[in-house]
Amino acid sequence: MARVEPFAAKLHFIPRGIRPVQAAIVNAQRDYFSHAPGWVLLTTTGRRTGLPRETLLPCVRSDNHIYLISTYGWQSDWIRNLRKNPKVKVTCNGEVVPGHAKMIEKLDDKIRIVSEHPFAFFAPFELVQAVALTAAMRPLLVAFLRGWVASRPVVAIRI
């Protein structure tokens, strides 16, 4: 069965094009981004080069897992890197820890994950995260995420 890609997959050239700018911003504000609520610095191994590749991604943390959703579907470089090598390092709460990534592809499992662990993927700011998870906003966020994950991979990183 062929995978259905989100429209955003056609736009995966955008993060590639802004990668140097994003890297400069992340490096200049590394302390903030390594502690940013609802975000993680993910280090994968490049599928062709074997070199470490770091990207800033929205996430939700739960016990010994971190959950991520790929905006650009299966075309994201970090997703393609994980498919070749699921061993990763994550920087969150100021700590770098090793992890192992697993792709969640079954729709029921993806819906269960975002229903139990919703997160606001649109901004690494504590206020935005707090507002998005209020009793009034959470049901709207969960409903949006259930549709959002239908054509996107969800990644569970065991740390």
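This is a predicted model: local features need pLDDT of at least 70, side-chain atom pairs count only at pLDDT 80 or more; totals for chains, interfaces and linings use all residues.
Ser115 itself sits in helix H4, which covers residues 107-116. The Ser115 side chain also has a polar contact, at 2.8 Å, with the side chain of Arg146. Leaving aside residues up to four places away in sequence, Ser115 touches Arg138, Val142 and Arg146, so Arg146 turns up here under the 4.5 Å cut-off for contact as well as in the polar contact.

Turning to open space, the largest pocket holds about 1100 Å³. Its lining is made up of 38 residues, with Pro15, Arg19, Gln22, Thr55 and Leu56 lying closest to the centre. By class, the lining splits into 18 nonpolar, 12 polar and 8 charged residues. Helix H1 (13-28) puts in the largest share, at 10 residues, while helix H2 (30-33), strand E1 (39-45), strand E2 (52-58) and helix H3 (77-84) are also among the elements that each supply at least two.

As for aromatic rings, the structure has 2 pairs. One of them joins Tyr32 and Phe33, whose ring centres are 5.4 Å apart; the planes meet at 75°, which is over the 60 degrees needed, so the pair counts as edge-to-face. The two partners fall into separate accessibility classes: Phe33 is buried because its relative accessible area of 11% is under 20%, whereas Tyr32, at 34%, lies between the 20% and 50% limits and therefore counts as partly exposed.

Key. Residues are numbered from 1 along each chain as its sequence is written. Side-chain values use heavy atoms; hydrogens and water are left out. Helices (H or I, at least four residues) and strands (E, at least two) are DSSP runs, numbered from the N terminus. A polar contact is a pair of N or O atoms within 3.5 Å; within protein, one must be able to donate a hydrogen and the other to accept it, and residues adjacent in sequence count only if both atoms are side-chain atoms. On a 1 Å grid over the protein atoms alone, a cavity is a set of points where a 1.4 Å probe fits but cannot get out, and a pocket is an open set with protein on both sides within 12 Å along at least five of seven lines; lining residues have an atom within 4 Å of a point. Grid points are joined across faces, edges and corners, and a volume is the space filled by probe spheres set on the points. Ala, Val, Leu, Ile, Met, Phe, Trp, Tyr, Cys and Pro count as nonpolar, Asp, Glu, Lys and Arg as charged, and the others, Gly among them, as polar. Rings of Phe, Tyr and Trp (its six-membered ring) pair if their centres lie within 6.5 Å; planes under 30 degrees apart count as stacked, over 60 as edge-to-face and the rest as tilted. Buried means under 20% relative accessible area, exposed over 50%, partly exposed in between (1.4 Å probe, protein chains only).
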